[in-house]
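Keep the viewer open as you read.

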Amino acid sequence: DLAFGTPMRTLISSFNILTNQFALHYIYKRLRFLGNKAASQALTLVFLSFWHGFEDGYFVAFLLCEMVLLTAEEMVIDTFEPYTRSSPGFVKFATVVGFAEKWMTWGYGLIAFDVRYT
């Protein structure tokens, strides 16, 4: 799934699996009392940024990759989901577009890891 998963969520779930499970079970789920999924996600990502280090690159990478790109992807999926149900050919097209989108956008968030010490 790391190399060939179409949605961003598969890429994120395939990378650093134990840290993701820890954050899900011990941070995100305990923030349910907020009643806001986006706030729970943001606070979990802030915790993970602190966990990895205090460099700006971690905050930029987690904010861009996790929050912005995943939110945009979910909006696109919600928009085109009715078409995928009615046309099997559209599913193949959406898979190819999703794969290309992941590899074209993922690098922008990872650049922050590269420049975190400059």
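What volume does the largest pocket have? It comes to about 540 Å³. A word on the source before going further: this is a predicted model, in which local features need pLDDT of at least 70, side-chain atom pairs count only at pLDDT 80 or more, and totals for chains, interfaces and linings use all residues. Residues are numbered from 1 along each chain as its sequence is written, and side-chain values use heavy atoms, with hydrogens and water left out.

Back to the pocket. Rolling a probe the size of a water molecule over the atoms shows where empty space is left. Here a pocket is an open set of points on a 1 Å grid over the protein atoms alone where a 1.4 Å probe fits, with protein on both sides within 12 Å along at least five of seven lines; lining residues have an atom within 4 Å of a point. Grid points are joined across faces, edges and corners, and the volume is the space filled by probe spheres set on them. The largest pocket is lined by 20 residues, and Arg 9, Ile 12, Tyr 28, Gln 41 and Glu 66 are the closest to its centre. At least two lining residues come from each of α1 (8-14), α2 (17-28), α3 (37-52) and α4 (56-86).

Now the fold. The chain has five helices and zero strands, where helices (H or I, at least four residues) and strands (E, at least two) are DSSP runs, numbered from the N terminus. Of its 118 residues, 26% count as buried; buried means under 20% relative accessible area, exposed over 50%, and partly exposed in between, with a 1.4 Å probe and protein chains only. Among contacts (heavy atoms within 4.5 Å) with a separation of 6 or more, residues 24 or more positions apart account for 62%.

Leaving aside neighbours within four places in sequence, Leu 45 is in contact with Phe 62, Glu 66 and Met 67.

Finally, the rings. There are five aromatic pairs in the structure; rings of Phe, Tyr and Trp (its six-membered ring) pair if their centres lie within 6.5 Å, with planes under 30 degrees apart counted as stacked, over 60 as edge-to-face and the rest as tilted. Phe 22 and Trp 51 make a tilted pair, 5.8 Å centre to centre with 35° between the planes. Phe 22 sits in helix α2 and Trp 51 in helix α3, so their pairing ties together parts 29 residues apart in sequence. Phe 22 is partly exposed at 33% relative accessible area, whereas Trp 51 counts as exposed at 53%. Phe 90 and Phe 93 also pair: their ring centres are 5.8 Å apart and their planes at 50°, so this pair is tilted. Both lie in helix α5 (residues 88-114), three residues apart, about one turn of the helix. Ring pairs also link Phe 22, Tyr 26, Phe 47 and Trp 51 into a cluster.
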